[in-house]
Amino acid sequence: MDRRTLLGATAATAITPAFAMDEDRWAAIAAQYDVTRKTVQLEHGNWGMMARPVLATYRAQLERVNRDTSFYARREMPGEVEAIRARAAAFFGVKTEEFAFTRNATEAMRALILGYNKLRPGDAVLHADLDYDSMQACMESLHARRGVEVIKIALPLPATHQALIEAYAQAFIRHPNLRMVLLTHVSHRTGLVLPVAEIAAMAKLHDIDAIVDAAHGVGQIDYKLPELEADFIGVNLHKWIGAPIGVGGIVIREGRLADIDVDPAELGAKADDIRARVHTGTVDYAAQLAVPAALDFHESIGAAAKQARLRALRDRWVRPARELAGVEVLVPDEPGSYGAITAFRLKGQTSHDACVALAKRLLDEHGIFTVHRDGLASGSCVRVTPALATSMEEVDRFVAALRKIAG
């Protein structure tokens, strides 16, 4: 028989709209999070809250590491962390030797972008306005580091599935010297889910390698990393998987390890070990040791069910918001184009100051916490990010506030 999840569902359960909207069922999941109710918290994109069982495990491991220090760290811990590494790799759908822990996705992406050694003077690299700021900065630095041309494009708005593919296709054609492209699976700015697999496969036809930022993808979207069709990927476990802050990962597919430099600080490291590509120094070992608890909790809900609930929470506010003449929603409702995150702004109010003021008004007047985001070619926006701890009633409060503000 199928093992039942925390939702009382099995692998055979149909994940229907009614299932995703069943408040009694999802209230039991929300109760596993000690979220503040001082405000309506609609900014869960920075990092993910640990569920109670994960937090309990983290506290126990923190006490253990603090108590036993190096006596444990130099004897028993390496074997335990290696087993956790294997568990995490299997969860992501890759081989153990293709995965290594980092402190976050930014650290992984920095190692991949700056360590990518196939570039030669005269080559070109490509990134877009929706990519994460730190990753864009790393891409821009390749001009001085590698002598390459750095090209930046603005992704289309409205961003349909086909329009996104066409934007990258045209860039690949216009710049035949392209050799590497940065792709973001789920944008931290707007929540747009890019058709990364199609773009990465298209890039390979042009002899272009894709380095993929999947920081917001894993745990929010139901998929395995090989489905992205990319050989170089950075991930987070402390966002949508719900591990303690300070756990991410780097993925380099089999046969591609030599194309990423060994970190200069890894003196004497084995060149055939992916862990030599990132030098973290001393990390929060308790956080790594709590990863199995986070994976257990995630799997006890089910990736498909989790994705459906997050999308339902998003749809709850986006659909009425689209009916407001003064509101611009920046992510389409096209299937596969969104998860939990979606950004909006008041029509014509695209400046940084206007979006900061909008987020402040939501908080000060309505007790709803969101966050403004800059960097879009089209202007600034306000990001709305519900999570499993969010109720439909809280989302409805946001809709009511938006109706008052939009007039």
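The model is predicted: local features need pLDDT of at least 70, side-chain atom pairs count only at pLDDT 80 or more, and totals for chains, interfaces and linings use all residues. Residues are numbered from 1 along each chain as its sequence is written, and side-chain values use heavy atoms, with hydrogens and water left out. The names of elements follow DSSP runs, numbered from the N terminus: helices are H or I with at least four residues, and strands are E with at least two.

Valine 125 stands opposite valine 150 in β4. Two strands are said to pair if DSSP finds at least two bridges between them.

Now display the whole open sheet of 7 strands, whose order is β2-β8-β7-β6-β5-β3-β4, with mixed pairing. Which strands are at the edges? They are β2 and β4 (149-153), each of which pairs on one side only. From one strand to the next, the twist averages 20 degrees; axes are lines fitted to C-alpha atoms, for helices over the stretch in contact, and angles run from 0 to 180 degrees between N-to-C directions.

Within this sheet, select strand β6 (residues 209-213) and strand β7 (residues 232-236), which run parallel and are joined by 3 bridges. Aspartate 213 has glycine 234 of β7 opposite. Then select helix α5 (residues 105-115), which lies across β2, β5 (178-184), β6, β7 and β8 (248-252) and runs at about 165 degrees to β7.

**Helices α7 and α8**

Two packed helices are described by the angle between their axes and the distance between the axes. Select helix α7 (residues 161-174) and helix α8 (residues 196-205): their axes come within 10 Å and cross at roughly 20 degrees. That makes α7 roughly parallel to α8, since angles under 35 degrees count as roughly parallel, over 145 as roughly antiparallel, 65 to 115 as roughly perpendicular and the rest as oblique. The crossing of α7 and α8 is right-handed; a crossing is right-handed if the near helix is turned clockwise from the far one by less than a right angle, and left-handed if anticlockwise.

Show the side chains where the two helices touch. From α7 the contact involves His161, Leu164, Ile165, Tyr168, Ala169 and Phe172, and from α8 Glu198, Ile199, Met202 and Ala203. Contact means heavy atoms within 4.5 Å.

**Helix α10 and its surroundings**

Select helix α10 (residues 291-301) next. With 9 of its 11 residues buried, α10 is largely enclosed by the rest of the structure. The buried residues pack against α2 (23-30), α3 (52-73), α4 (77-92), β2 (99-102), α9 (285-289) and α11 (303-322). Just after α10, glycine 302 takes a positive phi of about 100 degrees.

Ile84, Arg87, Ala88 and Phe91 of α4 meet Val291, Pro292, Leu295, Asp296, His298 and Glu299 of α10.

Move to alanine 286 in helix α9. Is alanine 286 buried or exposed? It counts as buried, at 1% relative accessibility. Apart from its neighbours within four places in sequence, alanine 286 is in contact with Tyr58, Gln61, Leu62 and Val65.

Finally, display the open sheet of 4 strands, ordered β9-β10-β13-β12, with antiparallel pairing. Its edge strands are β9 (327-329) and β12 (371-373). β12 and strand β13 (residues 381-384) are joined by 3 bridges, and the bridge partner of valine 371 in β13 is arginine 383. Helix α12 (residues 352-366) packs on the sheet, touching β10 (342-346), β12 and β13, and its direction makes about 105 degrees with that of β10. End the tour at helix α13 (residues 392-406), which lies across β9, β10 and β13 at about 25 degrees to β10.

Terms used
Buried means under 20% relative accessible area, exposed over 50%, partly exposed in between (1.4 Å probe, protein chains only).
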